[in-house]
Amino acid sequence: MSGKTVWITGATAGFGAASVERFVAGGWRVIASGRRAQRLQQLVDRHGGGRVHATAFDMRDEAAMRAAHASLPADFAGIDLLVNNAGLALGTAPAQQADLAQWKQMIDVNVTALVSLTHLLLPQLIERRGAIVNISSISGSYAYRGGNVYGGTKAFVTQFSQNLRTDLHGSGVRVSSIEPGMAETEFTVVRTGGDQAASDKLYAGAHPITAGDIADTIWWIANLPPHLNINRVEVMPVSQSAAGLQVARDG
Ligand code: NDP
Ligand code: 8X3
């Protein structure tokens with residue numbers, strides 16, 4: 001056991017679930033959160049309650065978030081690393097056709113909940129000279145059709161990470177932003193409202209990033225010597241690259 005503890009949000013699927021496996025294998029204690037309690041319980045059943053503490057709540061429910069924090073067992077109460085991973089995209093429509101409720105949900109989870117948990121844990125992260133890894137996205141740097149509010153939330157996450165770094169200057173706390181491109185998880189099934197075929201089609205033949213790739217990236221950042229800070233990591237599959245600007249012409 002490393003003796004260290006990480007809180008991974010969005011631990012029921014994708015990057016978060018893979019990160020739980022990576023950190024448990026590396027000897028860390030893991031606080032795993034997400035809404036789907038059954039999936040969290042499976043993590044506890046697989047690894048044991050001494051290694052994984054499951055806490056099921058909706059990130060948008062700040063009272064539930066605070067209660068989860070207040071009721072951490074003593075062995076899990078000293079948090080060394082916060083992985084702000086829970087998040088989602090909803091919809092691919094252009095802004096003028098988008099659903100306002102979906103926009104608000106993305107802001108509530110990707111921005112408001114992320115800053116709320118960060119604010120809650122900052123005192124002890126400072127005390128322990130801990131670290132924060134925020135999962136942003138290339139959509140925060142590159143505009144694409146239908147990216148509108150999702151990309152906006154991720155631009156926030158990227159900039160918030162850099163601003164945190166500045167405010168935490170001298171504290172020893174490390175802050176990193178990971179900005180992945182196309183990765184095959186449940187992300188597109190969620191984004192399309194449950195369309196597995198659309199998800200399969202998007203990733204077919206593209207050799208996308210895997211959840212394990214991002215878990216390995218988080219693990220690498222977490223285990224660097226304490227004098228090093230990775231500010232930003234932008235990672236894409238080889239099959240993906242940026243594609244130009246567009247021009248609307250008269251006539
Ligand atoms: P998944 O859909 O596989 O996982 C998303 C996780 O977020 C789930 O564990 C889900 O848990 C959790 N989550 C979503 N909404 C809430 C909520 N209201 N309360 C608590 N937990 C919530 O997607 P990924 O693993 O791909 O996504 C992880 C992060 O990576 C996200 O922030 C995403 O924006 C980002 N990202 C993804 C990329 C991709 O191409 N896949 C690329 C770049 C960034 P549950 O449903 O159980 O609540
Ligand atoms: C997810 C990556 O390019 O689908 O954040 O927006 S992308």
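## Ligand 1 and its surroundings

In this predicted model, a polar side-chain atom of Tyr150 is placed 2.6 Å from an oxygen atom of ligand 1. Arg35 likewise has a polar side-chain atom that lies 2.6 Å from an oxygen atom of ligand 1, while Glu186 takes part through its backbone, a polar atom of which is 3.1 Å from an oxygen atom of that ligand. On its own, ligand 1 would expose 880 Å², and the protein buries 96% of that area. Helix H1 (14-25), helix H5 (148-167) and helix H6 (187-191) are the elements that each give two or more residues to the shell around ligand 1.

There are 30 residues around ligand 1, and those that come nearest are Thr12, Arg35, Asn85, Tyr150 and Thr185. Sorted by class, the shell around ligand 1 is made up of 14 nonpolar, ten polar and six charged residues.

The residues around ligand 2 are Ser137, Ile138, Ser139, Tyr144, Tyr150, Gly181, Phe187 and Arg191. By class, this shell holds four nonpolar residues, three polar residues and one charged residue.

## The two ends of helix H7

Helix H7 covers residues 196-203, and at its start a side-chain oxygen of Asp195 reaches to within 3.2 Å of the backbone nitrogen of Ala197. Just after H7, the backbone at Gly205 adopts a positive phi of about 70 degrees.

## The second largest pocket

The second largest pocket holds about 200 Å³ of space. Its lining consists of 13 residues, and of these Lys4, Arg129, Gly130, Ala131 and Arg174 lie nearest the centre of the pocket. When the lining of this pocket is divided by class, six residues are nonpolar, two are polar and five are charged.

Methods: Residues numbered from 1 in each chain as written. Chains lettered and ligands numbered in written order. Predicted model: local features only at pLDDT ≥ 70, side-chain atom pairs only at ≥ 80, totals over all residues. Heavy atoms only, no water. Near = heavy atom within 4 Å. Nonpolar A, V, L, I, M, F, W, Y, C, P; charged D, E, K, R; others polar. Polar contact = N/O pair within 3.5 Å; in protein donor to acceptor, adjacent residues only side chain to side chain. Areas by Shrake-Rupley, 256 points an atom, 1.4 Å probe, with all protein chains shown as cover. Helix = DSSP H or I, 4+ residues; strand = E, 2+ residues; numbered from the N terminus. 1 Å grid on protein atoms, 1.4 Å probe; cavity = no way out; pocket = protein on both sides within 12 Å on 5 of 7 lines; lining within 4 Å. Points joined across faces, edges and corners; volume = space filled by probe spheres on them.
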